[in-house]
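Open the structure in your viewer and keep the selection tool at hand. The stops below each say what to select and what is there.

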Amino acid sequence: MNVMPQITAPEELGLDPARLANIPNYFNSYIDRGKLAGVSTLVSRHGEIAHFETSGLRDKERGLPMEKDTIFRIYSMTKPITTLALMMLYEEGHFQLSHPVSRYIPAFGKLRVWAGGTAEKYETKPCEREMTIRDLLTHTSGLTYGFMYEHPVDALYRKTGIDSANTSALTLAETVEALTELPLLFSPGAHWNYSVSTDVCGHLVEILSGRPLDEFLASRIFAPLGMNDTGFFVPKDKLGCFATNYFKDPKTRKSGIMDVGDETSTYAQPPRFLSGGGGLTSTMIDYWRFCQMLLNGGMLDEIRICSPKTIEFMTVNHLPGGQTMKQMALSGFSELAAEGAGFGLGVQVVLDPAEVQAIGSPGNFSWGGAASTYFWIDPQEDLIGILMTQLYPSSTYPLRPQLQQLVYGALTD
């Protein structure tokens with residue numbers, strides 16, 4: 001476990017301590033009403049933590065409290081980590097963003113696009129152009145997710161056993177191979193659609209580095225950054241810190257346990273599928289160290305992970321013609337609101353806070369996870385905010401914009 005960092009007096013960092021105290025008070029109301037089991041929030045500015053509070057329980061059934069070393073399923077907050085891993089290899093000259101994916105995974109050269117029909121009987125047509133690595137990094141690849149339930153191609157994913165981070169019967173390589181047998185939703189570059197693209201990026205990391213994804217992340221990112229409690233499974237000696245995951249069905253409003261936080265958890269053993277798009281577990285401090293490295297331009301504690309120009313490049317809008325996610329979106333689903341925001345490489349980028357309808361700064365970059373976790377980084381204010389909890393799906397409550405309101409409301413300079 002990481003040593004808990006010192007908390008700096010908020011007023012020294014341009015933050016009002018009384019207003020920061022509103023954060024746990026506000027989220028306690030969710031806990032008191034039984035809407036959340038527990039929550040953990042962190043705010044840092046100028047490289048120092050001004051607020052780090054936990055409330056409620058990490059396991060309601062056993063009465064275990066949420067603690068500062070609690071381990072969470074971060075799901076799609078895995079994506080920025082995998083993206084950075086691939087960009088580290090980009091820095092070393094292993095590929096160009098314009099390269100077709102088939103240059104490294106030949107079977108991607110045979111991909112075709114959905115042209116009508118049903119999941120049982122359908123037609124396809126040729127792609128207007130090949131999928132590039134940039135398409136994968138920006139979710140403009142034409143791939144999708146099986147959990148969308150919006151299109152027959154989604155059903156084909158489920159039928160094939162491609163179940164995002166919950167894929168269990170296939171390895172990462174086998175999953176990517178299976179994708180080559182399924183049609184794309186659209187020709188690459190035509191739309192923005194949240195998808196398994198980052199899982200393919202994870203496999204590219206393996207191909208380009210010659211190492212399994214978990215080994216690459218552990219040696220090149222986690223160990224150098226001191227992310228001691230981040231990985232694709234929770235070791236036996238750390239299961240006592242693992243949160244139970246809960247769900248609330250958006251249609252029936254029924255709720256329950258999605259995955260327990262003990263030795264019977266699906267995360268208690270190394271997984272067959274190393275999901276670069278959603279498979280990691282982590283702690284608040286580990287993820288803060290990752291975020292602080294990004295905000296510092298690729299460096300933490302005098303250890304350089306990547307170039308500041310690489311972070312700068314990742315956090316500008318890469319969507320064609322400067323479009324927003326909303327303008328390019330094919331599906332209504334995204335971890336974050338699509339209005340007023342573009343997409344960089346692995347992260348959403350705010351273009352117009354007024355259109356986003358959330359207080360913040362142009363250039364904020366962020367992403368979230370399916371169990372309602374969230375981070376954002378505001379380079380203009382030298383600010384990081386992180387929320388960790390354990391409720392699936394992330395659309396259940398507006399926790400993310402509410403945290404931003406409370407944090408920005410505490411700024412004094």
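Select helix α5, residues 152-160, in this predicted model. Its buried residues are Val 153, Asp 154, Leu 156 and Tyr 157. Look down the axis of α5: these buried residues line one face of the helix, because they fall within an arc of 155 degrees. An α-helix has 3.6 residues a turn, so residues three or four places apart point the same way.

Then step just past the end of α5 to Gly 161, where phi is positive, at about 95 degrees.

Next, the nonpolar core. Select Leu 84, Leu 217, Ile 221 and Phe 290, which touch the most other members of the largest nonpolar core, a set of 124 residues. Helix α9 gives the largest share of this core, with 9 residues.

What does Ile 221 touch, leaving aside residues up to four places away in sequence? Its contacts are Ile 81, Leu 84, Ala 85, Met 88, Phe 216, Met 227 and Phe 290. For a second, separate core of 10 residues, select Ile 71, Phe 242, Tyr 267 and Ala 371, which are among its members.

The last stop is a cavity. The model has 1 cavity of 30 Å³ or more, and the volume of the largest cavity is about 50 Å³. To find the largest cavity, select its lining: Pro 80, Phe 290, Leu 294, Ile 311, Met 314, Thr 315, Val 347 and Phe 365. Helices α9 (284-295) and α10 (308-314) each give two or more residues to this lining. By class, the lining has 7 nonpolar residues, 1 polar residue and no charged ones.

Methods: Residues numbered from 1 in each chain as written. Predicted model: local features only at pLDDT ≥ 70, side-chain atom pairs only at ≥ 80, totals over all residues. Heavy atoms only, no water. 1 Å grid on protein atoms, 1.4 Å probe; cavity = no way out; pocket = protein on both sides within 12 Å on 5 of 7 lines; lining within 4 Å. Points joined across faces, edges and corners; volume = space filled by probe spheres on them. Helix = DSSP H or I, 4+ residues; strand = E, 2+ residues; numbered from the N terminus. Nonpolar A, V, L, I, M, F, W, Y, C, P; charged D, E, K, R; others polar. Buried < 20%, exposed > 50% of the residue type's maximum accessible area, 1.4 Å probe, protein only. Arc of directions from axis to C-beta. Core = buried A, V, L, I, M, F, W, Y, C linked by side-chain atoms within 4.5 Å. Contact = heavy atoms within 4.5 Å.
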